[in-house]
Amino acid sequence: MRRYLRLLLLQLRMSIALGAQYRWDFLTQGGLSLVWTVLGLVPLYVALHNRPAVAGWTYEQALVVVGWFTMLKGILDGAVNPSLVLVVEHIRKGTLDFVLMKPADAQFLVSTARFEPWRAIDLFAGVGILVWTFRLMGTAPSLAAIAVSTLLLAVAVTVLYSMWIAAIAAAFWVVRLDNLSYLMSSLFDFGRWPVSIFKGAVRLFFTFVVPIALMTTYPAEALLGRLEPARAWLGIGGALVFALTGRFVFTRAIGRYTSASS
Amino acid sequence: MRILSAYPTLLRIGFANAVAYRTEMLVWMLTMTMPFVSLALWSAVAESVPVGRFDQKSFVAYFLATIVVRQLCGAWVVWELIQEIKSGTLTSRLLKPIHPLVVYSADNIAAIPLRALFAAPLALIGITSGGTALPHEPHRVVALFLSLFGAWFITFFVMVIIGCLSFFMESSASIFDIWIACFMILSGYLVPLELFPSWVRGVAEVLPFRYTLGFPVEILIGMSSDAAIARGLVIQLAYGCGSAAMALALWRSGVRRFGAFGG
């Protein structure tokens, strides 16, 4: 365990060193992701500001969801996606051999291979939106609510990661997959709004199949203090199922890896 | 003259390329979920009371139309240009006895039939949704096609302008990101321009973004008056000429300083 923690820190340090080499890129990319965050707020503002609650959500409450979405997006783009894009590249070139030869768990090595440190800006922006929203509402979340929603953040990251690793596992069968991660990211965009604005089958899809509701709506509701405990447990259970499935699919898939030259 | 005789062949090559990478194109099209994300929000808002003159049906029509128009008027020349200038592969294009921009334009135009085919189901849903008043008077149909062509023309040449900036600087891709960010808001892609406060709408009508998407969409679903269409076409023409002239000038001065990396 200690060994893996050291390994994680080492990989993180290497990514930061790599990022610091391109300082200008660092700044422009960071600035751009801020622009995108602000931009995402515009439709919400025009649609919900000074209007009665839509599907049970007022403008401020929906902003809490956007805050969570922004944080998760930062984690996704900063910690999950870059490594997995790298895996696809490795598979395509056959250089995954070098990773597999190292004396550590393959899934661990592969998923911590690269971080994009400037995405931390999104994390701060998300927290900023949450703080600002609660000031707008003139209330503060209770400590218990903060604890539950932080737990649900961990749940959300687990689900997100498991979905991505399962998707990447598909690259062992079909090699050309680099736009799959774009496809998944654009699906994730639906997590911007509270899930209750979707109707019927679409809502079921985003709750159970691609549990975007679980990732952004549930933590937001927990923070607002209106999530029933049963649903929180459901989320934790779901995350476990997703994590195990992701692990299973990945280990199965890696057995099919035949390197590029052979 | 030589361009005219070569153009049909260039189009055929471009079309064959588009067909060869059809799955990739389909996946790229599937990533355009943002209008659906917007649609979900707006139709929830319009469920009980209409917003302005938009009810749920007209939101469905509007956002499906934005997807269709974006498919028809899309281009990707900026990525190709940036990549080829940086890697130096532009040299092989410069050696050919035909202007590279002509080849790029043929590539981009030739993909349109396939994109239209992929977008057709959405268009059908949009038409049957009952929220549109498709133009049928001849002058409106002509205006629609003119505006669609104008939107493609401006998009293409703006992409060439930003792509040509790679001759002079490193971060032209970030500049294009900024362009896209402004486009999302000010073209009517995420929010119909009508729903903005009037001063934002005024700004949007002066800037080029609306003329690459929102303007044809409004004609397509029958939202604008004849006078508005005429004024829009004139502004679109001005932006088209301006962007083309600027693109050609930038291209010329860029190629002059282009020193093919690595040879």
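This is a predicted model: local features need pLDDT of at least 70, side-chain atom pairs count only at pLDDT 80 or more; totals for chains, interfaces and linings use all residues.
The contact between the chains involves 24 residues of chain B and 24 residues of chain A. On the side of chain B that touches chain A, at least two residues each come from α2 (22–30), α3 (34–45) and α10 (172–186) of chain B. Helix α3(B) gives the largest share of this side, with eight residues. Sorted by class, the side of chain B that touches chain A consists of 17 nonpolar, five polar and two charged residues.

Within chain B, two pairs of packed helices were examined. Two packed helices are described by the angle between their axes and the distance between the axes. In the pair formed by helix α1 (residues 2–20) and helix α7 (residues 100–110) of chain B, the angle is about 50 degrees and the axes are 8 Å apart. An angle between 35 and 65 degrees falls in the oblique class, and α1(B) and α7(B) are therefore oblique to each other. The crossing of α1(B) with α7(B) is right-handed. On the α1(B) side, the residues that meet α7(B) are B:Ile3, B:Tyr7, B:Leu10, B:Leu11, B:Gly14, B:Phe15, B:Asn17 and B:Ala18. Their partners in α7(B) are B:Val102, B:Val103, B:Ala106, B:Asp107, B:Ile109 and B:Ala110. This contact of α1(B) with α7(B) is made up of eleven nonpolar residues, two polar residues and one charged residue.

The second pair consists of helix α9 (residues 138–164) of chain B and α13(B), whose axes come within 8 Å and cross at roughly 25 degrees. Because angles under 35 degrees count as roughly parallel, α9(B) and α13(B) are roughly parallel to each other. Their crossing is left-handed. In the contact of α9(B) with α13(B) there are 18 nonpolar and seven polar residues, and no charged ones.

The largest nonpolar core contains 132 residues, and A:Leu160 and B:Val160 touch the most other members. Helix α3 (residues 59–93) of chain A contributes the largest share of this core, 17 residues. Apart from neighbours within four places in sequence, the contacts of B:Val160 are B:Val77, B:Leu81, B:Leu101, B:Ala247 and B:Trp251.

B:Val255 belongs to helix α13 (residues 226–257) of chain B. This residue has 14 C-beta neighbours inside 10 Å and so counts as partly exposed. Although B:Val255 and B:Cys164 are 91 residues apart in sequence, their C-alpha atoms are 8.8 Å apart in space.

B:Gln56 is located in helix α4 (residues 56–72) of chain B. With 19 other C-beta atoms within 10 Å, B:Gln56 is partly exposed, because a residue is buried if 20 or more such atoms lie within that distance. Leaving aside neighbours within four places in sequence, B:Gln56 contacts B:Ser43, B:Ala46 and B:Glu47. B:Gln56 is also eleven residues from B:Val45 in sequence, with a C-alpha to C-alpha distance of 8.5 Å.

In chain A, A:Ala55 is part of the loop between α2 (23–48) and α3. The phi angle of A:Ala55 is near 50 degrees, a positive value in a residue other than glycine. A:Ala55 has 16 C-beta neighbours inside 10 Å and so counts as partly exposed.

How values were computed
Residues are numbered from 1 along each chain as its sequence is written. Chains are lettered from A and ligands numbered from 1 in the order in which they are written. Two residues are in contact if their C-beta atoms, placed from the backbone, lie within 7 Å. Helices (H or I, at least four residues) and strands (E, at least two) are DSSP runs, numbered from the N terminus. Ala, Val, Leu, Ile, Met, Phe, Trp, Tyr, Cys and Pro count as nonpolar, Asp, Glu, Lys and Arg as charged, and the others, Gly among them, as polar. Axes are lines fitted to C-alpha atoms, for helices over the stretch in contact, and angles run from 0 to 180 degrees between N-to-C directions. Angles under 35 degrees count as roughly parallel, over 145 as roughly antiparallel, 65 to 115 as roughly perpendicular and the rest as oblique. A crossing is left-handed if the near helix is turned anticlockwise from the far one by less than a right angle, and right-handed if clockwise. A residue is buried if 20 or more other C-beta atoms lie within 10 Å of its own, exposed if 12 or fewer, and partly exposed in between; C-beta atoms are placed from the backbone. A nonpolar core is a set of buried Ala, Val, Leu, Ile, Met, Phe, Trp, Tyr and Cys residues joined through C-beta atoms within 7 Å.
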